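Student: I would like to learn how to read the contacts in a model of this kind. Please take me through them one feature at a time.

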Amino acid sequence: MKRREVMNAEVTPIKTAAETALADAFLRRQAALPGGREIAGLREAAFRRFERSGLPHRRVEEWKYTDLRALMREGKPLAQAPDASAKAAAKSAGAILAGLKAHRIIIVDGCFAPELSATAISGVTVTPFATAVANGEDEFLNSENSDTVLALNTALATDGAVIRVKSGTVVDRPIQLVFVHSAGKATAVFARSHVVVEPGATVTLVESHEGPDKLDYQINTALDLEVGRGAKVDHIKVTCEGDAALHLATLNARVSEAAELRDFTFTLGGAVVRNQLFVTCKGKRAQLSLAGASLLRGRQHADTTLMLDHAVGGSSSRELFKSVLDDESHGVFQGKIVVRPDAQKTDARMMSRALLLSPNAEADNKPELEIFADDVQCGHGATAGALDESLKFYLMARGIPEREAEALLIQSFVGEAIETISHEGVRADLMFAAVRWLRARSA
Amino acid sequence: MLEIKNLQVRVEDRQILNGLDLSVNAGEVHAIMGPNGSGKSTLAHVLAGKPGYEVTSGDVLLDGKDLLALGPDERAAHGVFLAFQYPLEIPGVATMTFLRTAINAQRKQRGEAELSTPEFMKRVRDAAAKLEINQDMLRRGVNVGFSGGEKKRNEILQMALLEPRLAVLDETDSGLDIDALKIVADGVNRLRSPQRSMIVITHYQRLLDYIVPDVVHVLSRGRIVRTGGKELALELEARGYAAYQDEAA
C-alpha cells in the first residue's frame, strides 16, 4: 500500500471497506490460487491495475450509471470449495432452461464439479480452468482489456471451464455452463471460462447463473470467447441470481473472418447486475447479432454495457436490447460501436428500448457511435416510454382484461428481442420465463 | 335493447355530447350521420369505454345493464363491439393469438368454457375465408403490414368471431375503395340478425347503399337533431349538412 502512494502522484482516495477487503483477500489467497509463477505474475499485475483505479464509480464514464463503489458496500470472504451437500443441491440447478437438452457443465461456488458435469462431448475438449492454468495455459489471462472488474477477475479467478470445439465440429446439443451459488454463506466468487471455437465449427453455448434469495453474495464471472474463421456460435447468458446478489460479468469475444456470433443476454435476477460485453470484429464478412432483454422489478439494478469494435471492414452487426422496468427498478444500456479507419463497408445498426411500467422506474440509455471510416452504414436508436394506452384500449375493447392486455403488450415488446435467438429450445424457455415473470406481476 | 338517455360528455374542457338520446331495438341497424366535429366518434368511443372521456350526465343501458359502470373489457364481454376507424398495429402479437386471447377472455368473463383448439381454428378459417383473409395474414402481427382495406376486413373478422350483441362501426368506409367497401359491407350484412343491433357511423351516404339501415339519425353539436328512414341519407347526400349546422347554432 505504501508503495502505491509513493509511485502514484495522483490524489489517492481513501479505500472503501470493499476495496480493503479485496486487498486482504488477495493477500491471503494469492499463494493458493491455481497457476505457476507466470500466472501468479499476471494475477499480481492485474491486482495492481485494480488497486490503482479502485472500484469504478460514477465519475468513470463507463460506470456513470452503475456506481460500483457505492453499490458494493463490502467485500465478502472468498468462497471455499463446495462440500458434498452443496454439490448435491447443485444437481437440480438450471431449472429456467428445464426444457433444454444440453451437455451440462456445473460450476458450484466458482469450482468446476467434474462428477456433475458431462465432459465427454464429441469433437470438444472440456478442462477445468484450474487444471488448464496449472498446466501453464495463460494466453487468455493476458488480455489487452484494462477494465477494472475484469482485472479483479484475472487476479482472483479460482476455476471455471476451458472448452475447445475442434475445427469443423458441429456440436450436437447446446453446451450449458451452469453456475450455482450454494445456500448458506454470502461469499465472493471469481469464475473464469475460456471457449475456443475453431474454424468452421458450430456450437450453441448457454451460461446460466443462479443462487439463493436473501443472501448478499457476490459474483464476478468472465468469459473469453474466440470465434474462429467461418465458425458459428450462439451464446446465451441467463442471469437469475438471488434477489440480494451482486453479479458482475464480462464477455471478451473476438470474431474472425466469415464467422457468425449471435449473443443474447437475458437478465431476470440479482439485486445489482452488470453485463459488460467487449466484442471485437477482427475479420471481414463476419456477422454479429448482439441482443438482450432485462425484466426488472423491486429495486433491481441491471446494466448492460456493450463495446463493439469493428476493427476491419465488410462485416455487419445488429444490436437490439430491451428492458422492462417495474416498481423502482433501474435499467441501464450503454452501447458503443467503434468503426476503425480501415473498417470500410461496415454495416451496424443498434437499437435499445426501455419500457417503463412504473413512474418510479428509471431507464438510462446511452448509444454511441465512433466512426473513423467514411464508407459505412451505421445507425442507432433509443427509446424509453410507458405502455401505449391506445394499444391497451384496443385489446381491452376486444374483451381482454387490463393486466392481460398489458402482459400481451410486454410480451410482444421483449419477444422481438428473444426472437433473435436461433435455438428454438432456448427461445421457448426464455419466452416462457418472461411469461412467468408477467404472471407473477399480474398476480 | 340499447338505451341512451341525456348523454353528456366532456373531453378536457370541451363539451362534445349535449344530451344525446337514442334507442336501438334488437335486430335494427341505425345509421348516425353528421358533419365533422358533431360528436360521432366520441359517441362510438364512449360506448366502448375509451379512457379520456368524462361522462357528466346521462345513462347508457344495454339489455338493462349500466354500461358506463363497466370497463372496456367488461363491456366487450357483455356484447359491445367497436370496429375502429383506425385499427392499430400490434407487432409481435400474431393475429391468431390475439383472436384466441380475446375470444377466451370474453368467454371466461361470462363463465363459459374456453374454445377447444380445433373448434377455434375451424371458426377462424370459416370467417376468414368469407372475408378473403388468407392464412399468412393471420400468422402476422395484428394489422402489421396490412393495407387499409385489410385492416377493416380484420375488424369485421373480429366482429364475426366475437358475436357481439351491439356492434358499433366507426367510419368503417373511410379509406376504402369500392371493391374493399363491398367486401366489408357483405361481411357486415352477413352478421345482421334479429338478436344483434348495429350502429353505423358515417359521414357519407355511400356506405348506406351497401349496409341499408332501418333508421337514420342526424347528429349535430352533440345531439340527435333529426331521425328518419333510409331515404333521409339520400336527402343529406343531396343537400349537405349545412342546414343542420345552422339549426343547432
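Student: How many residue pairs are in polar contact between domain 1 of chain A and domain 2 of chain A?

Tutor: A polar contact is a pair of N or O atoms within 3.5 Å; within protein, one must be able to donate a hydrogen and the other to accept it, and residues adjacent in sequence count only if both atoms are side-chain atoms. Between domain 1 of chain A and domain 2 of chain A there are 9 such residue pairs, both residues being at pLDDT 80 or more. Strands E7 (202–210), E9 (232–240), E11 (260–269), E13 (287–296), E15 (316–325) and E17 (347–356) of chain A each supply at least two residues of the domain 1 side that touches domain 2; strands here are DSSP runs of E, at least two residues long, and helices are runs of H or I, at least four, both numbered from the N terminus. E13(A) gives the largest share of that side, 5 residues. By type, that side divides into 21 nonpolar, 5 polar and 6 charged residues, where Ala, Val, Leu, Ile, Met, Phe, Trp, Tyr, Cys and Pro count as nonpolar, Asp, Glu, Lys and Arg as charged, and the others, Gly among them, as polar.

Student: What conventions apply, and which residues of chain A have pLDDT under 50?

Tutor: This is a predicted model: local features need pLDDT of at least 70, side-chain atom pairs count only at pLDDT 80 or more, and totals for chains, interfaces and linings use all residues. Side-chain values use heavy atoms, with hydrogens and water left out; residues are numbered from 1 along each chain as its sequence is written, and chains are lettered from A in the order in which they are written. pLDDT is the predictor's confidence in each residue, from 0 to 100. Where pLDDT is low, the predicted coordinates should not be read in detail. In chain A, pLDDT stays under 50 over residues 1–6. Chain A averages 93, with 97% of the residues at 70 or above, and chain B has a mean of 93, with 98% of its residues reaching 70 or more. For the complex, the predictor gives an ipTM of 0.95 and a pTM of 0.85.

Student: Where are the domain bounds in chain A, and how much area is buried between the domains?

Tutor: Domain bounds come from an automatic or database domain assignment. Chain A is divided into domain 1 (74–387) and domain 2 (388–443), with centres 24 Å apart over C-alpha atoms. Contact means heavy atoms within 4.5 Å, and 32 residues of domain 1 of chain A are in contact with 24 residues of domain 2. Buried area is the accessible area (1.4 Å probe) that two parts lose on being put together, summed over both. Between the two domains of chain A it is about 2,400 Å², of which carbon and sulfur atoms give 70%. Within domain 1, Arg297(A), Lys322(A) and Leu387(A) lose the most area to domain 2, together 27% of what that side buries.

Student: Which residue forms a salt bridge with Asp326(A)?

Tutor: Side chains of opposite charge can pair when their charged atoms come close. A salt bridge is a side-chain nitrogen of Lys or Arg within 4 Å of a carboxyl oxygen of Asp or Glu. Asp326(A) pairs with Arg441(A), the closest N and O atoms being 2.8 Å apart. The count between the two domains of chain A is 2 salt bridges.

Student: What does chain A contribute to the contact with chain B?

Tutor: Chain A gives 16 residues and chain B gives 30 residues. The area buried between these chains is about 1,800 Å², 73% of it from carbon and sulfur atoms. In chain A, Phe393(A), Tyr394(A) and Arg398(A) lose the most area to chain B. Arg398(A) also meets Glu155(B) in a salt bridge (2.7 Å, N to O).
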